[in-house]
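User: Hi! Could you walk me through this structure?
Analyst: Happy to, here it is.
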Amino acid sequence: MTPVAPSRASGMFGALGRQVRAYGMPLVFLAAILSTAFVHPNFGSFDVQSLALGALPLAMAAAAQTIVVISGGIDLSVGSLIAVSNVLSASLMQQASFRDSLLIAAAILVAGAVQGALNGLVVAVSRIPDVVVTLTTGFIWGGVALLILERPGGGAPPEFLNIGSGADLSEWVPNALIVMAVVIAAIWLPIRFSRIGLLLYAAGSDPVAAFRSGVDVRVARTLAYTFGGIACAAGGIALTMTTGIGAPLAGTTYTLGSVAAAVIGGVSLNGGRGGMIGPVAAALLLSLIPMDLVFLNIDPNYGLVIQGTLIVLVVMIGGFVSFMQARK
């Protein structure tokens, strides 16, 4: 009986950890919303719409980072990929009709997939660490964004901008929130409920064991970066949709934001663990923090300090939990 007790305790501990990763961040975000309403009693539908508009590109960036991290990698080019898609869409849609702007958006999603696949192929073929490869390609894609549009500009037809702005269903359900849910579900669900998801989780959990089980880890990693590229492209298009212009340097904050949202949302930086609900809720929470700072008359730039502090705390706590589980 002696060896069974620790195993059951470990199983319960692991099950509790999975529940916390799955539902912890949505509950924290809900608590943060209630706290915001307490601090700012006039918090209303306009603030909800502003929050959704601000969080839309970051949620796409978080989705991209989550897919890559689950497969065991990390993508430091997320911000640059978003910038390329942002300036491309703003440049090409400036004089386009609504119908043409939709076709342009579809083409940019394909371009994002190609960009992500290139990242994944370089990582898989060269065996150079993901951090080095994606940091380097991030500089390249950042240069491409500046070549496409030297300074903020461009535009999009009003009908296209209206897809993200406004609240057609209800003033408390902004279009940006609906777009966020639909696009992320369209990217994540085919992964999660297919063999692709199994490949990504297996490659991220233990690449050696996955390889011995017949999983081609290089293909899995390339697929992760490809889907991540699609999410980045969606983030760039969303940025155009919410701001109305293209800005070649607009993606600089999204790399750190995407890592923060993934880690805070319960995705393990060691790969193989995590889902999509937590990172998306974390993206909403990270977008809420600057808004709360404004309500409290505090410099919103402290938001980056808070993001970095949260990453350190979450990684330290995660490491401590893993250490305690290993001791059991």
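User: Great. How many helices and strands does the protein chain have?
Analyst: This is a predicted model, and the protein chain has 13 helices and 0 strands.

User: And how much of the chain is buried?
Analyst: Of its 328 residues, 47% count as buried. The protein chain exposes about 15,900 Å², with carbon and sulfur atoms supplying 70% of that.

User: Now Q65, where does it lie?
Analyst: Q65 is in helix α2, which covers residues 45-70.

User: Is Q65 buried or exposed, and why?
Analyst: Q65 counts as buried because its relative accessibility is 0%, and the cut-off for buried is under 20%.

User: Which side chain does Q65 join in a polar contact?
Analyst: That would be S258: the two side chains are joined by a polar contact of 3.0 Å.

User: What else does Q65 touch?
Analyst: Leaving out residues up to four places away in sequence, Q65 touches I74, D75, V78, T255, S258, V259 and A262.

User: Switching topic: how do α3 and α11 cross?
Analyst: The axes of α3 (residues 78-93) and α11 (residues 252-264) come within 6 Å and cross at roughly 130°. The two helices are therefore oblique to each other, and their crossing is right-handed.

User: Which residues meet there?
Analyst: From α3, V78, G79 and I82 meet Y254, T255 and S258 of α11. V78, T255 and S258 are also among the residues that Q65 touches.

Conventions
Residues numbered from 1 in each chain as written. Predicted model: local features only at pLDDT ≥ 70, side-chain atom pairs only at ≥ 80, totals over all residues. Heavy atoms only, no water. Helix = DSSP H or I, 4+ residues; strand = E, 2+ residues; numbered from the N terminus. Buried < 20%, exposed > 50% of the residue type's maximum accessible area, 1.4 Å probe, protein only. Polar contact = N/O pair within 3.5 Å; in protein donor to acceptor, adjacent residues only side chain to side chain. Contact = heavy atoms within 4.5 Å. Areas by Shrake-Rupley, 256 points an atom, 1.4 Å probe, with all protein chains shown as cover. Axes fitted to C-alpha atoms, helices over the stretch in contact; angles between N-to-C directions. Parallel < 35°, antiparallel > 145°, perpendicular 65-115°, else oblique. Left-handed = near helix turned anticlockwise from the far one by under 90°.
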